[in-house]
Amino acid sequence: KGRLILPQVQVIRDLLDHNSGSLIVKESEYKKMLSYLKTPPDIVICDSQVVDKIIKDTPNTVKCTTFSILFSRYKGDFEESVKGVFSINKLSKNDKILISEACSHHPIEGDIGRIKIPDWLGKYLGFSPKIDISCGMDYPDNLSEYKLVIHCGACMITRREMISRIEKCKSAKVPITNYGMAISYMFGVLDKVLEPFEIKYEIHKRKQDKTNTEK
């Protein structure tokens, strides 16, 4: 309570290192603060849990993404994370999902990995999927039983370790995505949060649709 989480700290540090300014506000104050600015920001970066609200309050001309999505690029394989998120639409009641956290922590009320993402998945799919949780270094060796892995931003592990986890999924032919991608996809704003990057949502979606048709 009352603290910036590690991804936020690292992003702010990177902005400062590149001689950029950052203005930090709570989501409740965002729209009002935006109206005070004479020049709109070059980019808005928000917590994935409030991405739908922030997108609604952000002008179409301003780019917007989330901390978790930045980390899917910084710590992992951005393309794989985008490809993996489309697997959410293919899930059925008997499929198993792994939600993986890189750190070990005591779950709190409204925990994003254990409570919120499973709830959002249930609402999006129309049924409650079967979900396993892994945390810390407790990453399963046998991933073949899962239809999708949804990983956290990986701020507590090295990029090498995160790439290793992604490679294990690829070897098992299991799609992997991360929290920010999954949340943005379920909220229907993935195209917007991918705007700051070279990858285009619609192009990638067509590739996935074509692959599924050929299968």
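Is Glu161 buried, partly exposed or exposed? At 23% relative accessibility, Glu161 counts as partly exposed, where buried means under 20% relative accessible area, exposed over 50% and partly exposed in between (1.4 Å probe, protein chains only). Arg165, with a relative accessible area of 0%, is buried. The side chains of Glu161 and Arg165 meet in a salt bridge of 3.1 Å, N to O; the term stands for a side-chain nitrogen of Lys or Arg within 4 Å of a carboxyl oxygen of Asp or Glu.

This is a predicted model, in which local features need pLDDT of at least 70 and side-chain atom pairs count only at pLDDT 80 or more, while totals for chains, interfaces and linings use all residues. Residues are numbered from 1 along each chain as its sequence is written, and side-chain values use heavy atoms, with hydrogens and water left out.

The secondary structure of the protein chain comes to 10 helices and 6 strands; these are DSSP runs numbered from the N terminus, helices being H or I with at least four residues and strands E with at least two. Of the 215 residues, 44% count as buried.

The count of salt bridges comes to 11. One of them joins Lys32 and Glu29, with the closest N and O atoms 3.3 Å apart. Both residues lie in helix α2, 3 residues apart, about one turn of the helix. Lys32 is partly exposed at 44% relative accessibility, and Glu29 is partly exposed at 33%. Another salt bridge links the side chains of Glu80 and Lys83 (3.0 Å, N to O). Glu80 counts as buried at 15% relative accessibility, whereas Lys83 is partly exposed at 33%.

Helix α2 (residues 27-36) also holds Tyr30, which counts as buried at 8% relative accessibility. Leaving aside neighbours within four places in sequence, Tyr30 is in contact (heavy atoms within 4.5 Å) with Val25, Val44, Ile54, Asp57 and Thr58. Thr58 is 28 residues from Tyr30 along the chain, yet their C-alpha atoms are separated by 9.1 Å.

Two other helices meet at an angle. The axes of α1 (residues 6-17) and α4 (residues 67-74) come within 10 Å and cross at roughly 70 degrees; axes are lines fitted to C-alpha atoms, for helices over the stretch in contact, and angles run from 0 to 180 degrees between N-to-C directions. The two helices are therefore roughly perpendicular, a term for angles of 65 to 115 degrees. Pro7, Gln8, Gln10 and Val11 of α1 make the contact with Phe67, Leu70, Phe71 and Tyr74 of α4.

Notes:
Parallel < 35°, antiparallel > 145°, perpendicular 65-115°, else oblique.
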